Amino acid sequence: MQAKTMDIAQYVSRRLAFDEPLGPEEAGIFRRRLEKSFSVLPPDVLALFLSQKRVVTFQVSKNPGFPVGMHTAVHGGPDERSYEVIMLREHQEWSEDCFIGGFLRELGHVVCQKPPDSEWPRTRGDRARFKEQLEYVADAVVWEWGLRHYSVSYIQATFPQHWVERIVQKVSEMVLQRGEWTM
């Protein structure tokens with residue numbers, strides 16, 4: 001096994017947790033998909049995680065009974081941030097490309113240092129617009145990594161077509177205007 005592959009496997013093994021026991025097949029699906037997600041990252045982005053410059057854990061939680069996407073929770077102050085990517089058992093049923101696309105979006109949040117909810121705008125409308133902007137930025141980062149196909153696979157599988165067109169248009173504009181947008 002290559003050193004990079006072994007480093008990724010060890011990293012995922014240390015960072016992946018389940019809030020209830022899963023069978024080896026189910027747990028293996030999550031582990032393999034996370035490992036593949038990290039293996040496709042550009043070397044400098046992968047180094048952020050393996051070096052612990054971005055501290056993140058991956059939590060697989062019980063299915064709440066309604067469909068939801070992956071989510072990144074932010075903990076700690078600006079100088080000691082850590083992140084938790086929360087996935088549901090139902091996400092193992094997604095196609096591999098959709099899963100990786102959704103997970104890469106969450107890694108985009110981590111790389112861009114998504115702020116905790118307490119630092120978001122207070123009013124409901126402003127919060128909604130801020131969240132939408134965070135998603136666009138995370139997608140734009142994934143596209144800049146050269147992984148647009150995973151992102152689009154996720155977007156197409158999870159949003160209605162008219163939203164897909166809007167998201168793709170907005171993210172395309174952001175990528176073209178690189179450097180003029182931030183979280």
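1. Basis of the note. The model is predicted, so local features are taken where pLDDT is at least 70 and side-chain atom pairs count only at pLDDT 80 or more, whereas totals for chains, interfaces and linings use all residues. Residues are numbered from 1 along each chain as its sequence is written, and side-chain values use heavy atoms, with hydrogens and water left out.

2. The nonpolar core. A nonpolar core is here a set of buried Ala, Val, Leu, Ile, Met, Phe, Trp, Tyr and Cys residues joined through side-chain atoms within 4.5 Å, where buried means under 20% relative accessible area, exposed over 50%, and partly exposed in between (1.4 Å probe, protein chains only). The largest such core has 48 residues, and those with the most contacts inside it are Phe-38, Leu-41, Phe-49, Phe-58, Met-87, Phe-103 and Trp-145. Helix α4, residues 96-111, supplies the largest share of this core, namely 8 residues; helices (H or I, at least four residues) and strands (E, at least two) are DSSP runs, numbered from the N terminus.

3. Surroundings of Met-87. With contact taken as heavy atoms within 4.5 Å, and with neighbours within four places in sequence left aside, Met-87 touches a set of residues that includes Leu-16, Phe-30, Leu-34, Phe-58, Val-60, Met-70, Phe-99 and Phe-103. Gln-59 and Ser-61 are also among the contacts of Met-87.

4. Aromatic pairs. Rings of Phe, Tyr and Trp (its six-membered ring) pair if their centres lie within 6.5 Å, and planes under 30 degrees apart count as stacked, over 60 as edge-to-face and the rest as tilted; by this rule there are 12 aromatic pairs. Tyr-154 and Phe-159 form an edge-to-face pair, at 6.4 Å centre to centre and with 90 degrees between the planes. The rings of Phe-159 and Trp-163 have their centres 6.0 Å apart and their planes at 45 degrees, so this pair is tilted. Tyr-154 is buried at 7% relative accessible area, whereas Phe-159 is partly exposed at 22% and Trp-163 is partly exposed at 44%. Elsewhere, ring pairs link Tyr-11, Phe-38, Phe-49, Phe-58 and Phe-103 into a cluster.

5. A charge over a ring. Arg-148 lies over the face of Trp-143, at 4.4 Å from the ring centre; the criterion is that NZ of Lys or CZ of Arg is within 6 Å of the ring centre and within 35 degrees of the ring normal.

6. The structure holds 10 salt bridges, each being a side-chain nitrogen of Lys or Arg within 4 Å of a carboxyl oxygen of Asp or Glu. Lys-36 and Glu-96 meet in one of them at 2.8 Å, N to O; because Lys-36 lies in helix α2 and Glu-96 in helix α4, the pair ties together parts that are 60 residues apart in sequence. Lys-36 is partly exposed at 30%, and Glu-96 is partly exposed at 32%. Asp-139 and Arg-105 form another salt bridge, at 2.6 Å, N to O, and since Asp-139 lies in helix α5 (residues 124-144) and Arg-105 in helix α4, this pair ties together parts that are 34 residues apart in sequence. Both Asp-139 and Arg-105 are buried.

7. Arg-129 and Asp-126 meet in a salt bridge at 2.7 Å, N to O, and both lie in helix α5, 3 residues apart, about one turn of the helix. Arg-129 is exposed at 52% relative accessibility, while Asp-126 is partly exposed at 35%. Salt bridges that share partners join Arg-105, Lys-131, Glu-135 and Asp-139 into one network.

8. Strands β3 (residues 71-75) and β4 (residues 82-88) pair in the antiparallel sense over 5 bridges, pairing being assigned if DSSP finds at least two bridges between two strands. The bridge partner of His-75 in β4 is Ser-82. The two strands form a hairpin with 6 residues between them, and Gly-76 in the turn has a positive phi of about 90 degrees.

9. Two loop positions. Gln-92 sits in the loop between β4 and α4 and is buried, with a relative accessible area of 13%; leaving aside neighbours within four places in sequence, Gln-92 is in contact with Glu-26, Ile-29, Phe-30 and Arg-33. Pro-21, in the loop between β1 (16-18) and α2 (24-39), is exposed at 79%.
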